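Work through the exercises below with the model open beside you. Try each task before you read its solution.

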Amino acid sequence: MLTAVLLFLPLAAALLLHFTKGATARALALGASLLEFGLAVYAAFAFKSTGTAGFNLDYAWIPSAGINFHIGLDGLSLLLVLLTTFLVPLILLAAFRHKYDNPSAFYALVLFMQTGLLGVFMSLDAFLFYFFWEVALIPIYFLAGAWGGERRIAVTLKFFLYTVVGSLLMLAGFVYLYLQTGPAAGSLASHSSELSAFYNLKLSAAEQSWLFWLIFAAFAVKMPIFPFHTWQPDTYTEAPAPATMLLSGIMLKMGIYGTMRWLLPVVPLGVSQWGKLVIILSVIGIIYGAIIAIRQRDMKRLIAYSSLSHVGLMAAGVFSLTQIGLQGVVVQMLAHGVNVVGMFFVADAIERRTGTRFIPDLGGLTRRTPVLSVCFLVMLLSTVALPLTGGFVGEFLLLAGVYQYNAWVGAVAGLTIIFSAVYLLRMFQRVMLGPDSAFSETINDLTGGELLVLVPLIALVFWLGLFPGTFLHLSEPAVTNILALVGR
């Protein structure tokens, strides 16, 4: 029952927002998102005592076809539910800093998207997973298309086409897998779309080879990894700041989660055949994203390419198929979500004060913004993977896993830390410490409302860095189970 409430509370609030305006809409959106986070925290405590059994909801959705409304939580999905419900209130607080046309619709789309994201992380039925996968796409299309920058229509269309094509290929793969299953126990249907039924299939190596690319296409686009990434920098740049935070902080985790849950255990022979190629593409993405980031002069675009580089390392960690690598992926998903939301929020705060995010036009801002400078530096150093921050734990485990897979690949992948230090510290130096600019004497420091966004993010940065076991213990059984299914 709790899983159903977690799933549908944001949707109910989104529907109610259409009947509210102004301060009432802001209060309803924020209140619903905070209540959702409180329920997720309660679920995390309950999970420790009841395990997965207490969070399983299985309802016959289309009985004649063997399709169920089956949702549940394990340690892996629970952590991503916690990340989603933690970040959405902060993203809404960030949205309150802007004056959008029809703000009630904007907040409603954010909450509607939250339902789609949670559905992806909870689904245990293939067609239900696909349904929520598409549900999560619809709100971001309108958020970016209606409230984005000057090039928003062309950029949003490109993003939409990439994701829809990938999704349709995944659907084709799911339909084939569905047709290979037999009836579920107690079902009158000839086939089953249950995740467990897909896990139990005995497919040939040839079948798994082409099924791998049908399913992985959707995940590769959503992460994204090289060369499926070309929609990302433009979309991150043109989308309004809260939509960019949703895309980078939460939505790209759908691709990584989907790979771990729906690809590795379902087509292990396909993973064995194509995993090396994916790791090579991931490492190319690490280097490519970092080199392009070094050349950027737009803060938002630089952070977008930085995200591409770091996601490449996560993808390599997934396909290393090592316990430490997959655990690193889990921690890094959390750390990356926190870091990238904080970085985009800081970039947005600077743009709102100066009217620009063009790095050469900025400089000398730290004199009048000491609090902003400290917050910016903390988020930046966590992204660089400084020890005692969440970024360090995630990247250390990831690099250890990739090194176990192949020492040379691990060495090249480790360049992400060096490159990120180059482009991020240089950006900080030019924006905050460089020669005085036209804004050096007029810019204002962070307000209390802005600190409500950044302080929780900074707190989680250090929690992840100092006490990673809090999260690793939750995910360990799920990761062990995935590796057991891959190696069966």
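**Exercise 1.** What is the count of salt bridges between domain 1 and domain 2? Find the residues that form such a pair between the two domains.

*Solution.* 
Step 1. Note that this is a predicted model.
Step 2. Locate the domains: domain 1 covers 1-266 and domain 2 covers 272-487.
Step 3. Count the pairs between them: there is 1 salt bridge.
Step 4. Look at Arg-301 and Asp-234. Their side chains meet in a salt bridge, at 3.0 Å from N to O.

**Exercise 2.** Describe the interface of domain 1 and domain 2.

*Solution.* 
Step 1. Take the distance. The centres of the two domains, over C-alpha atoms, are 22 Å apart.
Step 2. Take the contacts. On the domain 1 side 48 residues take part, and they meet 53 residues of domain 2.
Step 3. Take the area. About 4400 Å² is buried between the domains, and carbon and sulfur atoms give 79% of it. Leu-79, Arg-97 and Phe-226 supply 15% of what domain 1 buries against domain 2, more than any other three residues.
Step 4. Name the helices. H3 (75-95), H8 (205-222), H9 (232-238) and H10 (241-263) each supply at least two residues of the domain 1 side. H10 gives the most, with 12 residues.
Step 5. Sort the residues. The domain 1 side that touches domain 2 has 34 nonpolar, 10 polar and 4 charged residues.

**Exercise 3.** Is Thr-354 buried or exposed? Find what surrounds this residue.

*Solution.* 
Step 1. Read the accessibility. Buried means under 20%. Thr-354 has 11% relative accessibility, so Thr-354 counts as buried.
Step 2. List the contacts. Leaving out residues up to four places away in sequence, Thr-354 touches Leu-362, Phe-439 and Ile-443.
Step 3. Compare sequence with space. Ala-438 is 84 residues from Thr-354 in sequence, yet their C-alpha atoms are 8.9 Å apart.
Step 4. Follow the side chain of Thr-354. This side chain reaches the backbone oxygen of Ile-350 at 2.8 Å. It also reaches the backbone oxygen of Thr-356, at 2.9 Å.

**Exercise 4.** Which residues are linked with Arg-352 in a network of salt bridges?

*Solution.* 
Step 1. Start with the total: the structure holds 8 salt bridges.
Step 2. Pair Arg-352 with Asp-348. Their side chains meet at 3.1 Å, N to O. The two are 4 residues apart in helix H13, so about one helical turn separates them.
Step 3. Pair Arg-352 with Glu-450. Here the N to O distance is 2.9 Å. This pair links distant parts of the chain, 98 residues apart: Arg-352 is in H13 and Glu-450 in H18 (residues 448-466).
Step 4. Check accessibility. Asp-348 is buried at 6%. Glu-450 is buried at 1%. Arg-352, at 28%, is partly exposed.
Step 5. Asp-348, Arg-353 and Glu-450 are linked with Arg-352.

**Exercise 5.** Why does the pair of Asp-298 and Arg-357 tie together parts that are apart in sequence?

*Solution.* 
Step 1. Confirm the pair. Asp-298 and Arg-357 form a salt bridge, with the closest N and O atoms 2.8 Å apart.
Step 2. Asp-298 is in the loop between H11 (268-294) and H12 (299-319), and Arg-357 is in the loop between H13 and H14 (370-383), so the pair ties together parts 59 residues apart in sequence.
Step 3. Check burial: both residues, Asp-298 and Arg-357, are buried.

Terms used
Residues are numbered from 1 along each chain as its sequence is written. This is a predicted model: local features need pLDDT of at least 70, side-chain atom pairs count only at pLDDT 80 or more; totals for chains, interfaces and linings use all residues. Side-chain values use heavy atoms; hydrogens and water are left out. Domain bounds come from an automatic or database domain assignment. Contact means heavy atoms within 4.5 Å. Buried area is the accessible area (1.4 Å probe) that two parts lose on being put together, summed over both. A salt bridge is a side-chain nitrogen of Lys or Arg within 4 Å of a carboxyl oxygen of Asp or Glu. Ala, Val, Leu, Ile, Met, Phe, Trp, Tyr, Cys and Pro count as nonpolar, Asp, Glu, Lys and Arg as charged, and the others, Gly among them, as polar. Buried means under 20% relative accessible area, exposed over 50%, partly exposed in between (1.4 Å probe, protein chains only). A polar contact is a pair of N or O atoms within 3.5 Å; within protein, one must be able to donate a hydrogen and the other to accept it, and residues adjacent in sequence count only if both atoms are side-chain atoms.
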